[in-house]
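This report walks through a single protein chain for a reader who has not seen it before. Please look over the sequence and the structure first.

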Amino acid sequence: MFDYMMDEKALALREEVRDLVAWVPKQMILDMDADKIVFPREFLAEAGRRNLMGCRYPQKWGGRGMDWATTVMVMEEVGVLGYIFACVFGVGAELVCDAVILHGTDEQKEKYVKPLLAGQIFAAECLTEPRGGSDFFGTTTKAEDKGDHFVLNGQKRFIVGAEAADYFLVYARTDPDPQCDAHKALTCFLVDRSEGVETAYQYGLMGCRGGGAGRVVFKDVKVPKENVLGEVGAAYKVFNTMMIPERLGTAAMTIGAARPALDIATGYTTRRKAFGQTINTYQGVSFQVAEAAMLLDASRAMCHATARAVDSKIHPRRIRRMVSETKKFVTESCQKATHNAMQVMGGIGYTNIFPIERIVRDLRLASIWTGTNEIMSLIIASEWYKEYFTKKGVTSERDMEEIAAQADSPEEKIYE
């Protein structure tokens, strides 16, 4: 994030996060990409030991009581280390904890938030199913009410941390009636790794390796009533609030992951010579570097504006639009920036002599997970039109449609 937008407290925190990034051994990064490390437990434990996870949560539960604007800075800096590090950092410290902080009981926060932010336990979010991910209300995982507990059955896939999580945030159908209101059919649960919880499949991924992504199967798992998060039938409330950290956090960490690609390519172009000159002197090269720098700066500005909107608690529907715009714009911009970085480096950028190829592979995930960018476009369009019709007739803005030389020609304004 931009230095001039941060106060002294945030700048000091940034240095703490950069120190964490410097602490991570090179071999850990390489071994994760080679699938020799299934999950970076040591990294999360160290982040927890340094009190760097969940900085915006109350100190009472292990956070630092900071804001979203600071959080996007933290996520960008963690992302510099590698996209998968930010993924596992964000899933526990931003997604699962956010849900428990906003919707959980004090007992749940004590049991599930405090030790997670301390790096003592790990968590995973279970939303996507084998039949699909974007269709939230199409969830087929079921939880049957047995009086003092629920019995959970179903499967979730592409779960980051599936292999290592100590507990799972799980969405399941609790009303079996297919005619019931979909918004009241699902319930959110905190499910401990216990009898009946199985990691059935470990995915071989194009990038973002080492995050323990797998399929989680729940077979007759007993879930106590006290592990319902929020209220029975109110999972949509949890889901709605989680889309902020899920998508805004994704945007911020994507900037961080793309940043090294631009830095490496910039340095390379000032040393590599062709036709007797360093290649940064050629516009075909320098303009691509300039575009990448512009896209990352625009992405930071958008992240910061959206973070401020969330901190200011503006209308939820507007936040929903802004978060969706940010996720789509930033992830696509960062993918373009890394493409440019590889392009100006030429063939050497396509090898593992430099980490550009790994960054490109990792960032391909950005526009797919936490809601595809096509879903983001759907949300943006829906919310924008609703805003338009809401403000029409009540805004104090001047009607600019009339500022045309022949605006008073109704016979030419034909709509049907």
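## Strands, cores and surface

Phenylalanine 158 is placed in strand 3, which covers residues 149-159. The model is a predicted one. Phenylalanine 158 has a positive phi of about 60 degrees although it is not a glycine. Most residues other than glycine have a negative phi. With a relative accessibility of 47%, phenylalanine 158 counts as partly exposed.

Aspartate 220 also has a positive phi, of about 50 degrees, and it is not a glycine either. Aspartate 220 belongs to strand 7, residues 214-224. Its relative accessibility is 55%, so aspartate 220 counts as exposed.

Strand 5 spans residues 186-192 and is mostly covered, with 6 of its 7 residues buried. Strand 4, residues 167-173, pairs with strand 5 in the antiparallel sense over 7 bridges. Within this pairing, phenylalanine 168 has valine 191 of strand 5 as its bridge partner. Strand 5 is also joined to strand 8, residues 228-229, by 2 bridges, and these two strands run antiparallel. Here phenylalanine 189 has valine 228 of strand 8 as its bridge partner. In a regular strand the side chains alternate between the two faces of the sheet.

Which residues touch the most other members of the largest nonpolar core? They are Phe43, Tyr83, Phe85, Phe89, Leu169 and Tyr171, in a core of 102 residues. Helix 7, residues 235-271, gives the most to this core, with 16 residues. Another core of 19 residues lies apart from it, and among its members are Ala124, Phe150, Leu152 and Ile159. In soluble globular proteins, nonpolar side chains tend to be buried together.

The count of disulfides comes to 0. Cysteine 180 is in no disulfide, and the nearest cysteine sulfur, that of cysteine 188, is 17 Å away. Cysteine 180 is buried, with a relative accessible area of 19%; the cut-off for buried is under 20%. Cysteine 188 is in no disulfide as well, and the nearest cysteine sulfur to it, that of cysteine 126, is 9.9 Å away. The limit for a disulfide is 2.5 Å between the sulfur atoms. At 0% relative accessibility, cysteine 188 counts as buried.

Tyrosine 388 is found in helix 11, residues 373-391. Is tyrosine 388 buried or partly exposed? Tyrosine 388 is partly exposed, with a relative accessible area of 36%.

Glycine 284 has its place in helix 8, residues 283-311. Glycine 284 and alanine 124 are 160 residues apart in sequence and 44 Å apart in space, C-alpha to C-alpha. Alanine 124 is among the members of the core of 19 residues, whereas glycine 284 is exposed.

The table lists the accessibility of residues named above.

| Residue | Relative accessible area | Class |
|---|---|---|
| Cysteine 188 | 0% | buried |
| Cysteine 180 | 19% | buried |
| Tyrosine 388 | 36% | partly exposed |
| Phenylalanine 158 | 47% | partly exposed |
| Glycine 284 | 52% | exposed |
| Aspartate 220 | 55% | exposed |

Terms used:
Residues are numbered from 1 along each chain as its sequence is written. This is a predicted model: local features need pLDDT of at least 70, side-chain atom pairs count only at pLDDT 80 or more; totals for chains, interfaces and linings use all residues. Side-chain values use heavy atoms; hydrogens and water are left out. Helices (H or I, at least four residues) and strands (E, at least two) are DSSP runs, numbered from the N terminus. Buried means under 20% relative accessible area, exposed over 50%, partly exposed in between (1.4 Å probe, protein chains only). Two strands pair if DSSP finds at least two bridges between them. A nonpolar core is a set of buried Ala, Val, Leu, Ile, Met, Phe, Trp, Tyr and Cys residues joined through side-chain atoms within 4.5 Å.
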